[in-house]
There are 2 protein chains.
Amino acid sequence: MYTLDQVRCFIAVAEELHFGRAAERLHMTQPPLSRQIQRLEREIEFKVFERTSSGVSLTPAGTSFLVESYRLLDRVDTAPRKAKLIAEGRIGLIRIGYTAVSGYNVLGHLLTCIRKHLPDVQVELTEQVTSSQIESLQNHSIDLGLARPPFDGEGIISQPIYTDNMAVVIPKGHPLGQHRDNVSLDEISKYPMVMFSPKDAEYFHDLLTRELGISAKQGKFQVTDAATIVGLVAQDHGIAIVPSSTKVLGRSDVEYLNIPALADIAVELHAIWHTDSSNPVLQHIPEIMSDFSTQSLDD
Amino acid sequence: MYTLDQVRCFIAVAEELHFGRAAERLHMTQPPLSRQIQRLEREIEFKVFERTSSGVSLTPAGTSFLVESYRLLDRVDTAPRKAKLIAEGRIGLIRIGYTAVSGYNVLGHLLTCIRKHLPDVQVELTEQVTSSQIESLQNHSIDLGLARPPFDGEGIISQPIYTDNMAVVIPKGHPLGQHRDNVSLDEISKYPMVMFSPKDAEYFHDLLTRELGISAKQGKFQVTDAATIVGLVAQDHGIAIVPSSTKVLGRSDVEYLNIPALADIAVELHAIWHTDSSNPVLQHIPEIMSDFSTQSLDD
DNA sequence: ATTACTTACGTATGACGTAACGATT
DNA sequence: AATCGTTACGTCATACGTAAGTAAT
């Protein structure tokens, strides 16, 4: 097999079309250069130069081999640097799972931070409920999740990234709208509600039932996706308690009430990842998160 | 700079994760292998292996460098073969200029032959009149042309590829249609004609005026493109004498007359190329042409 | 003690440089 | 005669293998 030195010799001669000058450029004398070329030609089994009376010229195959040689040396040069960048997590891919609600608000800001810190890292996004994200993290089919507690999977690390609060959403013109922002929970309990699913929206479901004492039976529908809940509310299928960030859905057919009973209820979104993920991009999560937390998310 | 031998050593150890076995696979002993890896690590300035008590493992950067190494060695392996194939004209690009009429018929068959002989050669097609093809050949902006004589450019080589004949084209329902295929030239001269342009369709223009003695003045329009001529005939702007291969245009609003006066008029299409084209694909023109000539073009 | 990688040292392959050679203008 | 690439030959660097060393189980 031929060597990189031979390729470098070849390129020099091909560029100079003169063994003497090429040797000079390579800080060597003609004879060993000549031998290197001969050896290269023996290894690759074709002549790269035509040695005529009037000088040296590339053969057709040599001409083609020259461009291949450039590419080869380029790869030789970039391979270690690229490997280092990959290992440092500065280039590569990060696959992120996110809950639908986080997509309304937090995700965009997170992507901005990622872009800022790691401009050459590709991002792949998949909408997934929390339980599915944990499974994917353990499969190693995603690298990072944006999810709601609890995280009971093995090896899952979580860090709070954003705190939202809950609000009552009612259809436009609903009687509760009259009292604006000063409604008690008891009041609300009189109306049928669209509830979060206990399975795929465990966090919100438990929050409503446990923390607020709302009966699951009050819900005529059990829905996973907050956007769907708001949609059902708009179409008069009940009222609901949803994260405030659903406001960015921008629906004009609903109203939000920031009632006192919900004022102290904080709903947390966490970034989660797996301890033994091999993706080097995750190294930068701390710096990205700390940058993220300095930004205002209000809109 | 690191060497390919070092890369091969690295791959062996990375695959075995064991210096001893890797050395065995490389038909050498552990010490020099160990030194090769050390040297590699010194050259690329990062450690590729973690030497722990419990054995050898790849560092993150080493893991990335492994995939780069595979690609590198792959290129080392393919570069000479690729160069040889390019030089032999078995892979690469051939840029072909063709006249509009040749596109109706000959071009397709030629491409079939090229595909058959040179399945891995890409073909780029540009419609050009003969004079423009010659210019492009001299510019080296095309490699091959399909054109009509004469070829008076410097260094142009031509070879006949297809012989067509001329036919009278008349609009459907035209009085000449009654006599079907038994019309004299004199008869035709009574009707206004759509003529070929003397500049961009020199070959056909000269054929009609010189060989058949048709006066240029008989033409109300002078047109470059045969398809346009047939279109104008269809719309009753005159009759015309055009190559028979325009029949493949498939227009039902015109009729063709194969009159005796045109029976012996052969119109030739040539493949043309330039002596000092550097495109190695042209080496295969002879074989392609001889294969082409054994095929029937009638449809 | 054994296993496995690294360091030390002597040997040999091979790459360089000088010198001589051959071919062309 | 001069230029330029190749062959011949002696020297030195580099890479190998053997042997000894070191660290961990």
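Predicted model: local features only at pLDDT ≥ 70, side-chain atom pairs only at ≥ 80, totals over all residues.

Student: Why is B:S245 called buried?
Tutor: Its relative accessibility is 7%, and buried means under 20%, so B:S245 counts as buried.

Student: Which residues does B:S245 touch, leaving aside those up to four places away in sequence?
Tutor: They are B:V101, B:Y104, B:N105 and B:D164.

Student: How do you know that B:Q38 makes a polar contact with a phosphate oxygen of DNA strand C?
Tutor: An N or O atom in the side chain of B:Q38 is 3.1 Å from that phosphate oxygen, and the cut-off is 3.5 Å, so the pair qualifies. By the same cut-off, B:H18 qualifies through a polar side-chain atom at 3.3 Å from a phosphate oxygen, and A:T29 through a polar backbone atom at 3.0 Å.

Student: What makes up the surface near DNA strand C, by class and by helix?
Tutor: There are six nonpolar, nine polar and four charged residues, while α3 (30–44) of chain A and both α2 (19–25) and α3 (30–44) of chain B each supply at least two residues.

Student: Which part of DNA strand C do the atoms within 4 Å of the protein belong to?
Tutor: Of those atoms, 67% belong to sugar or phosphate, and the rest to bases.

Conventions:
Residues numbered from 1 in each chain as written. Chains lettered and ligands numbered in written order. Heavy atoms only, no water. Near = heavy atom within 4 Å. Polar contact = N/O pair within 3.5 Å; in protein donor to acceptor, adjacent residues only side chain to side chain. Helix = DSSP H or I, 4+ residues; strand = E, 2+ residues; numbered from the N terminus. Nonpolar A, V, L, I, M, F, W, Y, C, P; charged D, E, K, R; others polar. Buried < 20%, exposed > 50% of the residue type's maximum accessible area, 1.4 Å probe, protein only. Contact = heavy atoms within 4.5 Å.
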